[in-house]
Amino acid sequence: MAARLRLALLLSLLSVCLCAAQARPRPEPTLRLPSERGVAAAAAAEEDGSVGTRWAVLIAGSNGYYNYRHQADVCHAYQIMKKGGLKDENIIVFMYDDIANNPENPRPGVIINHPKGGDVYAGVPKDYTGSEVNVKNFFAVLLGNKTAVSGGSGKVVDSGPNDHIFVFYSDHGGPGVLGMPTYPYLYGDDLVDVLKKKHAAGTYKSLVFYLEACESGSIFEGLLPNDINVYATTASNAEESSWGTYCPGEYPSPPPEYDTCLGDLYSISWMEDSDVHNLRTESLKQQYKLVKERTAPKDTNPYGSHVMQYGSLDLNAQHLFLYIGSDPANDNATFIEDNSLPSFSRAVNQRDADLVYFWQKYRKMAEGSPEKNDARKQLLEVMAHRSHVDNSIELIGNLLFGLEDGTRVLKAIRAPGEPLVDDWSCLKSMVRAFEAQCGSLAQYGMKHMRSFANICNAGVRPEVVAKIAPQACTSIPSNPWSSTHKGFSA
């Protein structure tokens, strides 16, 4: 009798529950696989605001149509953030904005980042453009210092202690330095100091930094602490170039009307991965491994670089969703460890990508035309600048250390884990001493920053270099690359 009564009560309660379930939306099932629980927790946390706000700072540190790829990278990154659910008020874009409507752009008003890709320029907020793309504004934006910003939209990372910040920087670089379209350039010690200040202010929970540049590992190696909740990955280690891709004459190549590279290998690798995967389930570590594999040189393909990671490596267990959101269209996309994205059979050293552009431009012009002569002049000026910088620094090394030891000292590479230079002030003063006598390093000359650092590490003061530089540089080539009328690199 008692058993029948309990059964009747149970059926009655079940009936009530079923009726209630039909009257309201069905709840999530209470039993889930571990991966499903992680997705649900992330979604729930996002809905109740406990994860704070996502912020993104996207910066292309170059200008000129020959550097098309850097602004294309940043525009593509914006589209990923936007599809991922970030708001424009929380996305801050630095780009010179001289590409989309450049007379040389075969598709006016359009920027592409893939040979068959669509427009990535549409809708991109141009918060800081032209000369507003500079170190001072970049640092002020990161620190949330509205009063220190000059020009632009005035948007800054006005973040709080529960917020997550994503920074993507695409440009030329060199040992310890990143380029800017305006002088001075950005140096590794200054960037890491700003990150430390941001952490000390308690205005973020965690920060992820993706960096595309030659020798980009040197920006963080020996400098970035592992206890300030900053996780960084770089396109290359501290001593190698990064690579441009989708370049004319290579494979895959851009549409034939384009004379310039459309993207950078590391950058398009993380973005094309983000385009197709459910970032609620893919971790930073999983993406790092995929990008590292796709970007690395192979036995049959020497083109590529070694992607690195620095800082608080424990953060790489987190889902990408926490920083850049996830496109709802990919909610059913299953992450697999094997990278299904295509590999690259050819790529172009970042430092030579401008030569590809100038050569293509010269090659296409009609023989004997004024345009052909102008293109030839530009190409020769670029080559003259490169030769002048290389020869001048080599000669200074010989004057300082002798013919036998000059090259050895200038090209010495420190042990992994050590910073590029002990005295960063010496490095910057050394650069100014050189440029005052020998002309601007410009984007190509950044490759020689290790030489200047090694001169400092050898105990030579900038005043000594200032005295001997006139012996190495009896004149400065009369071309826009070598001119210092726009300022100094440091």
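Let's start with cysteine 75, which is buried, as its relative accessible area is 0%. Buried here means under 20% relative accessible area, with exposed over 50% and partly exposed in between, using a 1.4 Å probe and protein chains only. Cysteine 214 also counts as buried, at 1% relative accessibility.

A quick word on the model, everyone. It is a predicted one, where local features need pLDDT of at least 70, side-chain atom pairs count only at pLDDT 80 or more, and totals for chains, interfaces and linings use all residues. Residues are numbered from 1 along each chain as its sequence is written, and side-chain values use heavy atoms, with hydrogens and water left out.

Now, how many disulfides does a search of the whole structure find? Three, where a disulfide is a pair of cysteine sulfur atoms within 2.5 Å.

Take cysteine 247 and cysteine 261, with sulfur atoms 2.1 Å apart. Both cysteines sit in the loop between β9 (243-245) and β10 (263-264), so this pair ties together parts 14 residues apart in sequence. Helices (H or I, at least four residues) and strands (E, at least two) are DSSP runs, numbered from the N terminus. Cysteine 261 is buried, at 0% relative accessibility.

Next come cysteine 426 and cysteine 456, whose sulfur atoms are 2.2 Å apart. Cysteine 426 is in helix α12 (residues 424-438) and cysteine 456 in helix α14 (residues 449-457), so the link joins parts 30 residues apart in sequence. This link is left-handed, with -95° about the S-S bond.

Then we have cysteine 438 and cysteine 473, with 1.9 Å between their sulfur atoms. Cysteine 438 belongs to helix α12 and cysteine 473 to the segment after α15 (462-472), so parts 35 residues apart in sequence are tied together. With 90° about the S-S bond, this one is right-handed.

The whole structure has one cavity of 30 Å³ or more. A cavity is a set of points on a 1 Å grid over the protein atoms alone where a 1.4 Å probe fits but cannot get out, and lining residues have an atom within 4 Å of a point. The largest cavity holds about 40 Å³, a volume being the space filled by probe spheres set on points joined across faces, edges and corners.

Which helix gives the most to the lining of the largest cavity? That is α7, with three residues. Among the lining residues are Tyr210, Trp270 and Gln287.

Methods:
1 Å grid on protein atoms, 1.4 Å probe; cavity = no way out; pocket = protein on both sides within 12 Å on 5 of 7 lines; lining within 4 Å.
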